Each structure stands twice: as C-alpha cells, then as structure tokens.
Amino acid sequence: WRQGRFWLSLAVGAAFTTWFVREIHWKEFFAYLRSYKPGWMFAALPVYAVTVWFRALRWKILLAPLGATSTPRLAAYICTGYMGNNVTPMRLGELLRTLLCSRREKISFSGTLATIVLERVLDSAAMLLLLALSLVFAASRLNPGLTEFLEDCFLLGGLGIAFFFAAAMNRRLLLRIAQP
C-alpha cells in the first residue's frame, strides 16, 4: 500500500477504465446483461479447454527440437499470453508467452519466438485455405472472375500447406532451399 507503483497502477487502470466505458449505453448494456444465459458459458468452457490443450500439444511438437517441455505448463503459458493479448495492444501477449516459456523452460528466446511465428503462419494458411474452400462452395452466387481467383487462392493455399508438410518431413531439402 505504501509503494508508489501500486497507486500509479491503480490510477492508470482507473483512467483506462473510465476511457473505455465513457461511451457505453448503459440501458442497452444492462438489457444484454439480463438476457445472458450462463449455461452457454459453462458449455463453452470444456471446448475452450480442449482447444487450449491442442494448441499446447502443437506448440510442444514445435518446441521439441529446442528442449523438453510439459503440455500443461505450455497450456498455462498460452492462457497467460491470451490474457496479455486482452490487456495490451498489438498482441504483446505473444511476447509475454515467449518470455515465460523461454525463461521457465530454459529454451532460447529467439527459438521460442520462431515457433510462435511458425504457429501464426500455419494458422493463417489454414484460415485462408478454409476461407477459399468455403467461398468455392458458394461460387454459384459469385462473379465468375472472382470464382476463378478464389480457386487459384485455394490451390495456392493447398500448395503452401503441402510445402510446409514436405519441409517438415525432409529437413535437408528445406535447408538446401533456404541456404542460398
């Protein structure tokens, strides 16, 4: 209580909270709050836990060449990173996750950060592939030129994912391609 940092953080938090809620329409807010059904939240929690567990498992596989890790600890780092993303701008929670993992698991910071960048690349490729796939199925409602473009995107996304899988299976080939 006597430390200035506590009061400074409390003042900064109060300032940002005031700034955040200044334009909330309180009647609408409370109307939405009254319509809230907590059963949906409790139903979503196991789904969230499973997705975090699979993300931790994927991250463990990516970190395996750098050092041994534990899936539950990685899941905790992922949740801490999510929290950091919610309270900081520009997804700085990813750096928090990197820092926690590198310090506690004794893995290099740059290696850990590289795995997170690789996760984002793979997530982006998968999302683009799913988007292209869904748009191809909706092609009958789209402009024919746009349909051809989306089919090309689908093909390129598939080739990109195939390249990542081939590179993961054949490390020497990847090093030969990356060497020049």
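Biologist: By class, what lines the largest pocket?
Modeller: This is a predicted model, where local features need pLDDT of at least 70, side-chain atom pairs need 80 or more, and totals for chains, interfaces and linings use all residues. Residues count from 1 along each chain as its sequence is written, and side-chain values use heavy atoms, without hydrogens or water. A pocket is an open set of 1 Å grid points over the protein atoms alone, fitting a 1.4 Å probe, with protein on both sides within 12 Å along at least five of seven lines; lining residues have an atom within 4 Å of a point. Counting Ala, Val, Leu, Ile, Met, Phe, Trp, Tyr, Cys and Pro as nonpolar, Asp, Glu, Lys and Arg as charged, and the others, Gly among them, as polar, the lining has two charged, two polar and 16 nonpolar residues.

Biologist: Which residues lie nearest the centre of the largest pocket?
Modeller: The lining has 20 residues. Nearest the centre are L62, L118, L122, F164 and A168.

Biologist: Is T115 buried or exposed?
Modeller: T115 is in helix α6 (residues 109-137). Its relative accessible area is 6%. Buried means under 20%, exposed over 50%, partly exposed in between (1.4 Å probe, protein chains only). So T115 is buried.

Biologist: With which side chain does that of T115 make a polar contact?
Modeller: Beyond four places in sequence, T115 touches L62, L63, L66 and W59 (heavy atoms within 4.5 Å). A polar contact pairs N or O atoms within 3.5 Å; within protein, one must be able to donate a hydrogen and the other to accept it, and sequence-adjacent residues count only if both atoms are side-chain atoms. At 2.9 Å, the partner is W59.

Definitions and conventions
Helix = DSSP H or I, 4+ residues; strand = E, 2+ residues; numbered from the N terminus.
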